[in-house]
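Please keep the sequence and the model in view while reading.

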Amino acid sequence: MSILAGVIAAVSAQGAAAQEQLTVGYFQEWPMPFQYAKVEGMYDAALGMEVQWRAFDTGTAMSAAMASGDVQLSVSQGVPPFVVATSAGQDLQVLDVAVSYSENDNCVVREALEIDKSNAGELAGKKVAVPLGTAAHYNFIVQMNHFGVDIGSMQVVNMAPPEGAAAIAQGSIDMACGWGGSLRRMLEHGNVLLTGAEKEELGILVFDVTSGPSDYIAENPDVVAGFLAVTAKANAMWNSGENTDKMLPAIAKDAGMDEDAAAATMATFAFPSVEDQLSQKWLGGGAQTFMKGVADVFVEAGSFDAAKDDYSENVNTGPLAQAGDM
């Protein structure tokens, strides 16, 4: 039996199709293998329902949509916005590691300033566009701390990445932080301070998760497991390198990108296997430890008042382990 057929059989047999609707959040200009499965109707077929999809600009907006009940699952939510929401009491759980991308989330300094890592201290007092509570925000805080720049001296403006890209192009800000297509547009007008590898040396792990409200996950475990199984199937197809020609056009179109741009973006992404995701590096303990570190940095920076003592309860590996058996 194929993986997809197994998902269909398992979900149908356990009555998951009784859940009439599933709305999933995702990002535009953020090309991922799941979008091939989305376009090809693989999720609909596996879950026995028409899955609805809703695009967002930031992970914080995803959290708000899950809090309101408008969205049941979010694909590729950044860890920092997840941590911000759960630290504030929102009952969300991490379900998988959607993507790792240290090269595709960064801050860009306007080229006219001629500031790089050798003179980064000159950023003090400058105006920066940051999507607050996101992976880019965490990235910004750690980089500024590393270079000894007093964030309190800077004029930090809360802007979604597309807005930040437009602002740095117009010259109205000195630095902008973001990801994906927005980051590529920012780089047309400036430079990064640190490469992805240099950021990882500072402990800046940049990865996204699939997340959802704990009550929804508890009430619909088979729907969730089935969804994750289709995602894992799409990731495996992409990782094999044998399906690029048929997958890339669909992914690029769904992401609102041309194929060259989508390919260039995905070349900086890694999509861990289910086995890898369940390992100690990721959901076996590493992610929980990292979330605590992110929370502590945000508290120290004054972004929110208090971190949780532990984030282990906000990681649920049950559905992913079930998906791995489908």
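Cys107 stands opposite Cys177, a residue of strand E8. The model is a predicted one, in which local features need pLDDT of at least 70 and side-chain atom pairs count only at pLDDT 80 or more, while totals for chains, interfaces and linings use all residues. Residues are numbered from 1 along each chain as its sequence is written, and side-chain values use heavy atoms, with hydrogens and water left out. Helices (H or I, at least four residues) and strands (E, at least two) are DSSP runs, numbered from the N terminus.

Strand E5 (residues 105-110) and strand E8 (residues 175-179) pair in the antiparallel sense over five bridges; two strands are said to pair if DSSP finds at least two bridges between them. Both belong to an open sheet of five strands, ordered E7-E6-E8-E5-E9, whose pairing is mixed. Strand E7 (155-158) and strand E9 (190-192) stand at the edges with a single partner strand each, so one side of each is left without a neighbour in the sheet. On average, and with direction ignored, neighbouring strands of this sheet are turned by 25 degrees against each other. Axes here are lines fitted to C-alpha atoms, for helices over the stretch in contact, and angles run from 0 to 180 degrees between N-to-C directions.

Which helices lie across these strands? Helix H6 (residues 135-147) lies across E5, strand E6 (127-130), E7 and E8, and runs at about 60 degrees to E5. Helix H7 (residues 161-170) lies across E5, E6 and E8, running at about 145 degrees to E8. Contact means heavy atoms within 4.5 Å.

Attention now turns to charged side chains. Side chains of opposite charge can pair when their charged atoms come close. The structure holds six salt bridges, a salt bridge being a side-chain nitrogen of Lys or Arg within 4 Å of a carboxyl oxygen of Asp or Glu. One of them joins the side chains of Lys38 and Asp254 at 2.6 Å, N to O. This pair links distant parts of the chain, with Lys38 in helix H2 (residues 34-39) and Asp254 in helix H12 (residues 244-255), 216 residues apart. Lys38 counts as buried because its relative accessibility is 17%, and Asp254 counts as buried at 14%; buried means under 20% relative accessible area, exposed over 50%, and partly exposed in between (1.4 Å probe, protein chains only).

A salt bridge also joins Lys292 and Asp296, whose closest N and O atoms are 3.2 Å apart. Because Lys292 and Asp296 are four residues apart in helix H15 (residues 286-301), about one helical turn separates them. Lys292 is partly exposed, at 23% relative accessibility, and Asp296 is partly exposed as well, with a relative accessible area of 34%.

The backbone deserves a final look. Most residues other than glycine have a negative phi, and most peptide bonds are trans. Ser76 has a phi near 70 degrees, a positive value in a residue other than glycine. Ser76 is found in strand E3 and counts as buried at 1% relative accessibility. Glu114 has a positive phi too, near 55 degrees. Glu114 has its place in the loop between E5 and E6, and at 65% relative accessibility Glu114 counts as exposed.
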